[in-house]
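Please keep the structure in view while reading the grouped points.

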Amino acid sequence: MRISPFLLERHFAKYEFDIPFQLSCSDCEPLALAELLEMASTESIGLWQNLKLSYTESQGNTLLREEISQTYDGIKPEEIIVCAPEEGIFLVMNSLLSSGDHLIVISPAYQSLSEIALSIGCQVSHWKADLDGQYRVKSMESLITSKTRMVVINFPHNPTGALISRAEFIEITQLCTLNGILLFSDEMYRGLEQDISYQLPCAAALSPGNISLSGMSKSFALPGLRIGWLVCRNPGVREELIQMKDYTTICASAPSEILAIIALKNRDRILKRNLQIIKKNIIMVNEFIDRNTDCVYWNEPKAGSVALLNLLNGLSSEELCKDLLEKQKVLAIGSHLFRFHEPAIRLGLGRIGFEQALKKLEDYLFSVVKS
Ligand SMILES: Cc1ncc(COP(=O)(O)O)c(C=O)c1O
């Protein structure tokens, strides 16, 4: 299998740990181990201290799957497969797609959502937003062909921060069911809605043919656990996914599973903390945009921890990111790393240090672009 390099991940790998100011991280401010353990009940501390570092259950720790199922309506623990989030995408695509299949993938997208399918020999059509930044179901529907095997969506969306309504989400589910298409819904940013009424249902809960992906990396501020999960209600498909996992990680990390249980037992507290950080950063971005309307604009996100800052005035995302890195020591992810041709940079709204990175961007705009 030949697969193209993952542009965004290669870029982070090169700079993330050396560059002091981060403008574009997609996760929320990571929790310290001590902070998480402080939230643990006596019972959970017992699980942590008495943990045997053996292999774990291939499908995922039973207690963890019970906790995960409680974050949904109508999902049973046995319908969940624990895996690293990125691994979940790999498992779904490699188990369920064949060369020649046609997919419709939201665009721009976290690269693996289309790249793995391309590496298998699939044809990919890109579901793009309209000029107002909204994703319309009609334009997705117009891409369906007789060969369409899978539709891949991601709401709240990385990188635009877009969200569709519950009615539109249900319409997509119905369209897929009607056409015998598998809906793969990446829900990594679920839980970060600024108003709970915006929260979309879990796609897998709406129809047994759908598969949902979620995890601890973004909404729960624990990317280092490498814990995520697939929700798959079809027993035959689930078995295929579990069998494929024997060739990736076999099972999850035992300590990470216990830490994920602790976090999920404290999910309201953790989500509240993360939303507070995001809301504060959104206010800051709006003020920043008001001062720089000649250079930038955005569609303020209703959910998730990322959004795009669109560039005006002939600014190129590639050049801006290069300059920010070299002159301001700011790591910014440009739309070019998503193979998206509108000039923009991704804003990572979940981090505490975002304020300083934004200030550095503004200093740059004043000293270089506007001078
Ligand atoms: C939409 C989306 N899906 C999946 C992933 C993969 O998550 P992880 O990096 O925790 O494996 C990411 C990470 O950025 C993402 O943004």
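A salt bridge is taken here as a side-chain nitrogen of Lys or Arg within 4 Å of a carboxyl oxygen of Asp or Glu. The model is a predicted one, and a search of the whole structure finds 12 salt bridges. By the ring-pairing rule, the count of aromatic pairs comes to 4.

- Asp 101, found in the loop between helix 5 (85–96) and strand 3 (102–107), is buried yet has no salt bridge.
- The nearest side chain of opposite charge is that of Arg 149, at 4.1 Å from Asp 101, whereas a salt bridge requires the nitrogen and oxygen to be within 4 Å.
- Which backbone atom does the side chain of Asp 101 reach? The side chain extends to the backbone nitrogen of Ser 98, at 2.7 Å.
- Leaving aside residues up to four places away in sequence, Asp 101 touches Leu 96, Cys 122, Gln 123, Lys 147 and Arg 149.

**Salt bridges**

- Side chains of opposite charge can pair when their charged atoms come close.
- Glu 115 forms a salt bridge with Arg 339, with the closest N and O atoms 2.8 Å apart.
- Glu 115 lies in helix 6 (residues 112–120) and Arg 339 in the loop between strand 12 (333–334) and strand 13 (344–348), so this pair ties together parts that are 224 residues apart in sequence.
- Glu 115 counts as buried, at 7% relative accessibility, while Arg 339 is partly exposed, with a relative accessible area of 43%.
- A salt bridge also joins the side chains of Glu 79 and Lys 76, at 3.8 Å from N to O; here Glu 79 is buried, with a relative accessible area of 8%, and Lys 76 is partly exposed, with a relative accessible area of 44%.
- Within helix 14 (residues 354–369), Lys 359 and Asp 363 lie 4 residues apart, about one turn of the helix, and their side chains meet in a salt bridge at 3.1 Å, N to O.
- Asp 363 is partly exposed, with a relative accessible area of 32%.
- A network of salt bridges links Asp 130, Asp 132 and Arg 136.

**Aromatic rings**

- Among the 4 aromatic pairs is that of Trp 127 and Phe 155, whose ring centres are 6.0 Å apart and whose planes stand at 75°, so the pair is edge-to-face.
- Trp 127 lies in strand 4 (residues 123–128) and Phe 155 in the loop between strand 5 (148–154) and helix 8 (166–178), so the pair ties together parts that are 28 residues apart in sequence.
- The rings of Tyr 135 and Phe 155 have their centres 5.9 Å apart and their planes at 70°, so this pair too is edge-to-face.
- Tyr 135 lies in the loop between strand 4 and helix 7 (137–141), and Phe 155 in the loop between strand 5 and helix 8, so the pair ties together parts that are 20 residues apart in sequence.
- Trp 127, Tyr 135 and Phe 155 form one aromatic cluster; Trp 127 is buried, as are Tyr 135, with a relative accessible area of 2%, and Phe 155, with a relative accessible area of 3%.

**A charge over a ring**

- The charged end of Lys 302 sits over the ring of Tyr 198, at 5.1 Å from the ring centre.

Methods: Residues numbered from 1 in each chain as written. Predicted model: local features only at pLDDT ≥ 70, side-chain atom pairs only at ≥ 80, totals over all residues. Heavy atoms only, no water. Phe/Tyr/Trp six-rings, centres within 6.5 Å; stacked < 30°, edge-to-face > 60°. Helix = DSSP H or I, 4+ residues; strand = E, 2+ residues; numbered from the N terminus. Buried < 20%, exposed > 50% of the residue type's maximum accessible area, 1.4 Å probe, protein only. Lys NZ or Arg CZ within 6 Å of the ring centre and 35° of its normal. Lys, Arg positive; Asp, Glu negative; His and termini not counted. Polar contact = N/O pair within 3.5 Å; in protein donor to acceptor, adjacent residues only side chain to side chain. Contact = heavy atoms within 4.5 Å.
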